[in-house]
Amino acid sequence: MTDPDPEFPATAARILRGATRLLEGLGYAAIAEYTLGNGRRADILAIDGAGQVTIVEIKSSRADFAADRKWRDYLEFCDRFYFAVEPDFPLALLPEDVGLICADAHGGSIRRDGALQPINGNRRRSLILGVALTASRRLARVADPELPW
């Protein structure tokens with residue numbers, strides 16, 4: 001399949017970098033490409049010091065957003081949900097009932113907070129443990145790329 005936006009990987013990488021910088025600056029620990037219990041992969045999953053879970057879905061273009069039918073599947077796995085887009089994205093396309101981050105390669109800003117919808121405590125515990133294990137394994141592979149997992 002041909003990507004409708006040939007700039008997709010570069011655009012998504014810029015948004016990922018800026019949104020992650022924003023979240024880290026706000027006190028979150030963020031991890032990219034985290035697989036949730038339903039098999040969906042969150043572009044960014046971030047956890048703050050109180051254990052609040054935020055998911056950020058990156059949209060690199062109008063076509064990327066139009067093709068997305070899965071973003072609601074993330075809502076049961078986070079306390080807050082945001083779309084992250086570049087500043088020139090047509091913002092009127094995005095639903096008004098979720099959060100909005102505008103980001104580029106240098107940073108980002110929250111334009112609209114995501115509504116707080118607390119998740120189940122058992123799910124929160126499972127997510128936090130899963131993120132810790134995933135992050136630890138990723139870091140171990142940086143130190144030793146030949147690890148078997």
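The questions and answers below concern a predicted model of a protein chain.

Me: In what order do the elements of the protein chain run from the N terminus on?
Reply: The secondary structure of this chain comes to 3 helices and 6 strands. Read from the N terminus on, these elements follow the order α-β-β-β-α-β-β-β-α.

Me: What is the radius of gyration of the protein chain, and why does it count as being as compact as a globular protein of that length?
Reply: For 149 residues the globule rule gives 15 Å, and the chain comes close to that value, so it is as compact as a globular protein of that length. The radius of gyration of the protein chain is 15 Å.

Me: Is F83 buried or exposed?
Reply: A residue counts as buried when its relative accessible area is under 20%, and as exposed when that area is over 50%. The relative accessible area of F83 is 0%, so F83 is buried.

Me: How many residues apart in sequence are the parts that the pair of F65 and F83 ties together?
Reply: The rings of F65 and F83 form an edge-to-face aromatic pair, with 5.6 Å from centre to centre and 80° between the planes. F65 belongs to helix 2 (residues 62–67) and F83 to strand 4 (residues 80–85), so the pair ties together parts whose distance in sequence is 18 residues.

Me: Which residues do ring pairs link into a cluster?
Reply: The structure holds 5 aromatic pairs, and one of them, formed by W71 and F83, is edge-to-face at 5.2 Å centre to centre. Ring pairs link into a cluster the residues F65, W71, Y74, F81 and F83.

Technical notes
Residues numbered from 1 in each chain as written. Predicted model: local features only at pLDDT ≥ 70, side-chain atom pairs only at ≥ 80, totals over all residues. Heavy atoms only, no water. Helix = DSSP H or I, 4+ residues; strand = E, 2+ residues; numbered from the N terminus. Rg over C-alpha atoms; globule rule 2.2 N^0.38 Å. Phe/Tyr/Trp six-rings, centres within 6.5 Å; stacked < 30°, edge-to-face > 60°. Buried < 20%, exposed > 50% of the residue type's maximum accessible area, 1.4 Å probe, protein only.
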